[in-house]
Amino acid sequence: MSWEPVIGLEIHVQLKTQTKMFCSCELSFGDPPNTHTCPVCLGLPGSLPVANEAAIRFGLKIGLGLGCELAPRSIFHRKNYFYPDLPKGYQISQYDEPLCRGGRLGDVRIHRVHLEDDAAKLVHVGASGRIHGADSSVVDFNRGGTPLVEIVTEPDIRSAERAREWLILLRETMRQLEVSDVNMEEGSLRCDANVSVRRAGESELGTKTELKNMNSFRFVERGIKAEVARQVALLEAGQPVVQETLHFDPQSGSLTSLRSKEEAHDYRYFPEPDLVPVAVTPEMVEAVRAELPELPAERAARYETELALSADSARALAFRPELGRYFEAVLERADGAPAQTVANWVAGELATRLGDADPAQSKVAPDALARLVAMVGEKAVTAGAARQVLDRLVADGGDPAAIVEAEGLGAVGGGDELAGAVRAAIEANPDAAEKVRGGKAQAIGPIIGHVMRETRGAADAGEVTRLVREQLGV
Amino acid sequence: MIDRAEVLHVARLARLELSEGEVDRMASELSAVLDHIETISELELDGVAPTSHVVEVGSALRADEPRPSLPREEALASAPAVAADGFEVPSPGA
Amino acid sequence: MSDLLALSAAQLAERIRARELSREEVWDTYRERAAADDLNAFLWVAADAPDTGDGPLGGVPFAAKDLFCVRGVPSQAGSRILEGYRPPYTATAVEKIVAAGAPLLGKTNQDEFAMGSSNENSGYGPVLNPWDRTRVPGGSSGGSAAAVAAGQVPWAIGTDTGGSVRQPAALSGIVGLKPTYGAVSRYGMIAFASSLDQAGPLTRDVTDAALLFSVMTGRDPCDATSLEHPEAIRLPSAQDLQGVRLGVPDDVESAAGIEPGVLEAFRATVARAQELGAEVDTCSLPHARHGIAAYYVIAPAEASSNLARYDGVRYGLRVDGDDGLLAMYTRTRHEGFGAEVRRRIMLGTYALSSGYYEAYYGRAQRVRTKIADDFRAAFERFDFVVTPTSPGVAFPLGAKTDDPLAMYLNDFFTVPMPLAGIPAISIPNGLSEGLPTGFQIAGPAFSENRILDAAYALEQAIGFDTAAVHA
Ligand SMILES: [Zn+2]
């Protein structure tokens, strides 16, 4: 009997508005500590929050991008708990009336999307000079109050690899919505995972645990994998999984329970009386909708259905919008070349050579790549030679036909010329020729090799094989 | 009615220290007030919407325009303990 | 000198404008009286007169309850946990009054975080009632009420959450107005219960209340719950109550703890109102009697959250231990907060805690809806609902401190209005046993102009001598 992992993700996305969620302090990245604060984000007595219009707009944009239902009226709640990075003793978040509900990204359903404000940064500084022997930390409120969107999925993910892939899709979606820098290392994208396992084929959910602190895509995959393995081992040993929060240590790959000596959390949510409900008007929704770009999931679906690309190619091009745009530019100029062929050249050959760089910024003009693809299609140049041409294009740019001419890379295919070369090769390898005639097909190798050497790779290997067989009468 | 154990639990949630004597006194005082509050449990309130905002304002949002923050000296001016340009606290969990 | 003290704030402004009085003379007179305060009404008195320019308030000094933040000035909300705290910013209401030309004379004593009806819960000692120094001035804006009543300041501002402007005004023999929720910005007002708190004037007469309120009101971009008042606030001028319909709740006479003298004064003023042309009938507010229960869930619940920020990290008191963060939190909050504040934090935390939310907070919010509905229905038949402000006169210091519930029941008549968000005024209504009583007039949201007019007409008819204790 095999086990099936059941995974849901909770993702926090820092919004790149100008100012904080509930005050007019400018967002801060790497500025000296406590230089971006005011009475509101320090939680001074008497200060009051006022919601940032742009943060609401970004929240709606994310909701639309994920196909959610937007609530015409949503409210903020207070989530009460004590921690030094939480200046008011409560976080302003959304509870039972969030901004967006439902939705879907790829094959994962979205449960809800809501807005909240981020906590400040607490830095451990070690022994305090002030109190003998005490261990102390220092709070920097620059980050406190940064707008956050929390996206909660349904438990629709069935493997650690898929969790990672889906998270990359989500990141690309957020990036293309232009609502966040979505950088996991810098914390503008954070992911927690709810993990449980069950016997394959069962419909009931197992006891879940919550995984925290997976601050890279790789760690998300590794953390979930480790937790699934831990749960399976427990269950197979006849022991129960305990509902708890776990901290993943990427260094050791171990999971430690965050269960503290404190009482179970009781956040005492209640409607935030300092803020009025967020009323979303149809005009606001339409204005946001008009700003929506084509998103990765939609673009991938279009490539698959309209251009018949493979799923892998479609995703590769859609998840990197610059690749997708470049692909479309080449396809437009490629004069009827099959879309899959163009996709292979852009997402495969070219992307391999350029790494993360934007092809539009490279020396390879879409026109040039389109002509190169056409030359391959016309067998004017072999695929191998075309790869050499592409190397030159990436290095120096230019026109592929001129490079072929200058380097003598043109396909040796004009009937007589190639036939002559084949004849010479047969004469130079009489033993091999005899074996092929005698029925040993694999003995053809040295003859073909001879032709390729003589033509410096410019001959089409398939054509050479055909001619050798023809001349040997097999 | 609220008993000792509940008083201690609530005091912990509220981060209030209570001395032994205060626990019992708090339990009896809160119980008296809660007894009075219990009178609302007799009311028929099914289908009545809760009021959390007594005057409906509609959205009151702020334009996303930066305003000057406090100088750091002012932000830290009232802090009981300062270290490394920040607010010093005993480390959580320490 | 005594002439000057006999003048209302509006009259002072008039004289200053007419150059019959100098600003300096007014400031110096009141500055001296405030500095010589022997009622413990002031927690801070300004040294010098700030230059406030010309404005409708014409240089007449005012006092603000301690919980209004004023840049660089101690703003402690009557609590030891904020002892000596000087905020880096000023409350909008104070800014507006100063911008209208009134200099800030001082900060007044109050019940800690506005939790109380007697001012005995101040971290800085109780305030004495100028009518009888063995008695309380009411609360929580007791310092503001006592200072105005004693002629230590021409007028003052306070805050009302369950009666904290109206009740001390009544017990001290002055006027107190609680505006419609949202009419005055709460920005910079140290919060007690956010959905109920509202700032209002405490003044010698109704005209002063109208004048001060007219400059305080207005939408503030820093307070999302604030609103622009739909009407400009006028100075009252009504001489009668022709055509005005007054509703008297059917349970006034049977209210718990109502004193015969208070009831008698109330009946007399209802009779005067009829003489002035008002139509009077009994009205039914069937849920108002549950106001105390709902209030003592909602206000402590919000307070338990609002007071979580006093944690010894960014400002205020810190009591360090040698055993970490949790001990620092619990000790700081134990030592910094007084008994009543701790009690209400406990009550509110309990009411919001897992398993109790619906039974307490959820139900209280529904009762709140019913109370608002009751008033809405009443205002279809009546222009105003009138009651005594407080069931009794000022009580002796210490009389109710051992019985929290008895203290809470003082708020019986004043609690329903903030629950419904509607405005109400308390005006002096003569004496009972030598002590002031109050007459309360409540109207629909944003009916302040009409309330002030009705109050003004009654004030003339009652003829209460506010200057009785100024000597
Ligand atoms: Zn700020």
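This is a predicted model: local features need pLDDT of at least 70, side-chain atom pairs count only at pLDDT 80 or more; totals for chains, interfaces and linings use all residues.
Strands of a sheet pair through backbone hydrogen bonds, in either a parallel or an antiparallel manner.

The contact between the chains within this sheet is made by strand β10 (residues 135-140) of chain A and strand β2 (residues 86-90) of chain B, which run antiparallel and are joined by four bridges. Ser136(A), for instance, has Pro90(B) in β2(B) as its bridge partner.

## Zinc site

The zinc ion is coordinated by the SG atoms of Cys23(A), Cys25(A), Cys38(A) and Cys41(A), at 2.3 to 2.4 Å. The arrangement is tetrahedral because the four donor atoms subtend angles of 101 to 116 degrees around the zinc ion. For reference, the ideal angle for four tetrahedral donors at a metal is 109.5 degrees.

## Sequence context and burial of the donors

Along the sequence, the donor residues of the zinc ion follow the spacing C-x1-C-x12-C-x2-C. Cys25(A) and Cys41(A) both lie in the loop between β1 (3-14) and α1 (53-65) of chain A, so this pair ties together parts that are 16 residues apart in sequence.

Cys25(A) has a relative accessible area of 1% and is therefore buried. Cys41(A), at 7% relative accessibility, also counts as buried, because the cut-off for burial is under 20% relative accessible area.

Key. Residues are numbered from 1 along each chain as its sequence is written. Chains are lettered from A and ligands numbered from 1 in the order in which they are written. Side-chain values use heavy atoms; hydrogens and water are left out. Two strands pair if DSSP finds at least two bridges between them. Helices (H or I, at least four residues) and strands (E, at least two) are DSSP runs, numbered from the N terminus. Donors are N, O and S atoms within 2.8 Å of the metal (3.2 Å for Na, K and Ca); water is not among the atoms, so sites may look incomplete. Four donors count as tetrahedral if all angles lie between 85 and 135 degrees; four count as square planar and six as octahedral if opposite donors are over 155 degrees apart and all others between 65 and 115; anything else is irregular. Buried means under 20% relative accessible area, exposed over 50%, partly exposed in between (1.4 Å probe, protein chains only).
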